[in-house]
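Reader: I would like to go through this model and ask, term by term, what each label rests on. Please set the value against the cut-off each time.

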Amino acid sequence: MRRFVLQLITNDKFSSVEHRVRANRDGPRISVACFFSSNLFPNSTVYEPIKELLSDEDPAKYRDLTILEYTAGYLAGGFNGKSHLSKFRI
């Protein structure tokens, strides 16, 4: 599951992690990039905050969206250092 989905379905109860680097002075730094594609097995599942976690005091913070919708906007918007999920806030 993509990391942003957990933040969305829990209505910010769990936050997505930001990229962190922990470097060691001894030895070289090694970076490993992992890519996940929603294009291999596209689906139309709609993700939304879990209804049982919502209340009048804690309403939904994000609108419903699909992985394809999120990915298309993410790739089109470039990498500006901000969470793309924030574009789906209500």
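**Labels and their cut-offs**

Author: Gln7 is found in helix H1. The model is predicted, so local features need pLDDT of at least 70 and side-chain atom pairs count only at pLDDT 80 or more, while totals for chains, interfaces and linings use all residues. Residues are numbered from 1 along each chain as its sequence is written, and side-chain values use heavy atoms, with hydrogens and water left out.

Reader: What makes a run of residues a helix or a strand here?

Author: Helices are DSSP runs of H or I with at least four residues, strands are DSSP runs of E with at least two, and both are numbered from the N terminus. The protein has two helices and two strands, and along the sequence they follow the pattern α-β-β-α.

Reader: Why is Gln7 called buried?

Author: Buried means under 20% relative accessible area, exposed means over 50%, and partly exposed lies in between (1.4 Å probe, protein chains only). Gln7 has a relative accessible area of 12%, so Gln7 is buried. Of the 90 residues of the protein, 22% count as buried.

Reader: What does the side chain of Gln7 make a polar contact with?

Author: The partner is the side chain of Asp12, at 2.9 Å. A polar contact is a pair of N or O atoms within 3.5 Å; within protein, one must be able to donate a hydrogen and the other to accept it, and residues adjacent in sequence count only if both atoms are side-chain atoms.

Reader: What makes the pair Asp12 and Arg89 a salt bridge?

Author: The term requires a side-chain nitrogen of Lys or Arg within 4 Å of a carboxyl oxygen of Asp or Glu. The side chains of Asp12 and Arg89 meet at 2.9 Å, N to O, and therefore form a salt bridge. This pair links distant parts of the chain: Asp12 is in the loop between H1 and E1, Arg89 is in the segment after H2, and they are 77 residues apart. Asp12 has a relative accessible area of 21%, so it is partly exposed. Arg89, at 41%, also counts as partly exposed.

Reader: How many salt bridges does this rule give?

Author: The count comes to five. One of them joins Glu48 and Lys51, with the closest N and O atoms 3.1 Å apart. Glu48 is partly exposed at 28%, whereas Lys51 is exposed at 53%. Asp58 and Lys61 form a salt bridge too, with their closest N and O atoms 3.9 Å apart. Salt bridges that share partners join Lys13, Asp58 and Lys61 into one network.

Reader: Is Asp58 buried or exposed, and what value decides this?

Author: Asp58 has a relative accessible area of 17%, so it is buried.

Reader: Why does Ser44 count as exposed?

Author: Its relative accessibility is 61%, so Ser44 counts as exposed. Ser44 is found in the loop between helix H1 (3–9) and strand E1 (46–47). The C-alpha atoms of Ser44 and Thr66 are separated by 6.3 Å, although these residues are 22 residues apart along the chain.

Reader: Which residues does Arg63 touch?

Author: Contact means heavy atoms within 4.5 Å. Not counting residues up to four places away in sequence, Arg63 touches Leu8, Tyr47, Glu69, Phe88 and Ile90. With Glu69 there is a side-chain polar contact of 2.6 Å. Arg63 lies in the loop between E1 and strand E2 (65–66) and counts as partly exposed because its relative accessibility is 37%.

Reader: What makes a set of residues a nonpolar core, and which residues are in the largest?

Author: A nonpolar core is a set of buried Ala, Val, Leu, Ile, Met, Phe, Trp, Tyr and Cys residues joined through side-chain atoms within 4.5 Å. The largest has 10 residues: Phe4, Val5, Leu8, Ile9, Tyr62, Leu65, Ile67, Tyr70, Leu85 and Phe88. H1 and helix H2 (67–77) each supply at least two residues of this core, and H1 gives the most, with four. Leaving aside neighbours within four places in sequence, Leu85 is in contact with Phe4, Gln7, Leu8, Tyr62 and Tyr70. In soluble globular proteins, nonpolar side chains tend to be buried together.
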